[in-house]
Amino acid sequence: MNELRLRFSDGDQPDLVLGAGVHALGRLPTGLGPVDGEQAWLLQLCNDRRGIWMTVADELRGVHVNGRPVQHVAMLRAGDSIHVDGNELLLTAANDGRAMPQANGAPRDPIGNLRLVLRGVGGAHHGRSISLEQPRKIGRAGDADIRIEGPGIAERHATVEAVNGQAVLRDAGADVLVNGQRVRQAALHAGDQIAFDVQHRFVLEGPPPTPGPSPAARLRAAFADDADELPAPPRKSWLQRMPWLLVAAILLAAALSALLLFGTR
């Protein structure tokens, strides 16, 4: 996943980049913001190889993540909404470098699609798992595969489907939050959080995305327009091909033969 940032709802505080390590938030004259180790803190966010962990100060009450109360410690993911001390914070991650897959008439991969599941983590579908073996229409409409209601939900809000093992968000009639970023369409990866307003949240579960082509494949593709095959490497001379240890052994044997031959005269 790309760089994680903490976005402040008031708009006056710039986004806080959550690099590796511990980041503390406390009360400032301008509102909630980052504080150093000597100042009193309300929240601590630790970014390590396990993920993002939030610690709540002992005396603080009323902290919620996606509408659910947190008293001490919680593990966060990109797209989570945090309410603390009258402020709303949004944990975001960029969704750059994702190409939308093209169906282009190729046969669908039903086995790959079965591995992709939307799991509800908030709202009416909390705890429900919905496979993507067929496109899933989401919205207020009565025939929606995933029916959700709310003031910001359209009848045909969006469609989530799998194209040959790659999940995509399409046909969004209103903004959808993917990892905290507002989008109308997006390629989805395992672990992404998709939110329809604050309440209705889903996490995509499945295998990680297929890695891109290898450097050799990219090189072959670069030469594809100029020649059918890659240029053959230059041939090495017999001296370059012969191991140097063998050459040394031959020279040593020749020297010993010469010594025996001419030494008796």
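Reader: What makes you say that Asp175 forms a salt bridge with Arg184?

Author: The closest N and O atoms of Asp175 and Arg184 are 2.8 Å apart. A salt bridge asks for a side-chain nitrogen of Lys or Arg within 4 Å of a carboxyl oxygen of Asp or Glu, so this pair qualifies. A word on the model: it is predicted, so local features need pLDDT of at least 70 and side-chain atom pairs count only at pLDDT 80 or more, while totals for chains, interfaces and linings use all residues. Residues are numbered from 1 along each chain as its sequence is written, and side-chain values use heavy atoms, with hydrogens and water left out.

Reader: Why are Asp175 and Arg184 called partly exposed?

Author: Buried means under 20% relative accessible area and exposed means over 50%, with partly exposed in between (1.4 Å probe, protein chains only). Asp175 has 36% and Arg184 has 44%, so both values fall in the middle class.

Reader: How do you know that Asp15 forms a salt bridge with Arg7?

Author: Their closest N and O atoms are 3.8 Å apart, which is within the limit, so the pair counts. Asp15 is partly exposed at 32% relative accessible area, and Arg7 is partly exposed at 29%.

Reader: What makes Glu161 buried or exposed?

Author: Glu161 has a relative accessible area of 14%, so it is buried. Its side chain meets that of Arg170 in a salt bridge, at 3.0 Å from N to O. The search of the whole structure finds 12 salt bridges.

Reader: Why is strand β17 called mostly covered?

Author: Four of the five residues in β17 (residues 166-170) are buried. A strand here is a DSSP run of E with at least two residues, and a helix is a run of H or I with at least four, both numbered from the N terminus. The chain has four helices and 22 strands.

Reader: How do you know that β16 and β17 pair?

Author: Two strands pair if DSSP finds at least two bridges between them. Five bridges join β16 (residues 158-163) to β17, so they pair, and they run antiparallel. Val160 stands opposite Leu169 in β17. In the hairpin of β16 and β17, with two residues between the strands, Asn164 takes a positive phi near 50 degrees. β17 also pairs with β20 (residues 186-188), in the antiparallel sense over three bridges, and there Leu169 stands opposite Ala186.

Reader: What makes β4 and β9 edge strands?

Author: They belong to an open sheet of five strands in the order β4-β3-β5-β6-β9, with antiparallel pairing. β4 (31-35) and β9 (73-76) each pair on one side only. Inside this sheet, β3 (residues 21-28) and β5 (residues 43-48) are joined by five bridges, with Val22 opposite Cys46 in β5.

Reader: What makes Leu252, Leu256 and Leu259 a nonpolar surface patch?

Author: A patch takes residues with over 30% relative accessible area and no salt bridge; like charges are joined within 9 Å, and nonpolar side chains (Val, Leu, Ile, Met, Phe, Trp, Tyr) within 5 Å. Leu256 has 47% relative accessibility, so it counts as partly exposed and clears the area limit. Leu256 lies in helix α4 (residues 244-263). The three leucines make a patch of about 320 Å², an area from the Shrake-Rupley method with a 1.4 Å probe, where for residues only the protein chains shown count as cover.
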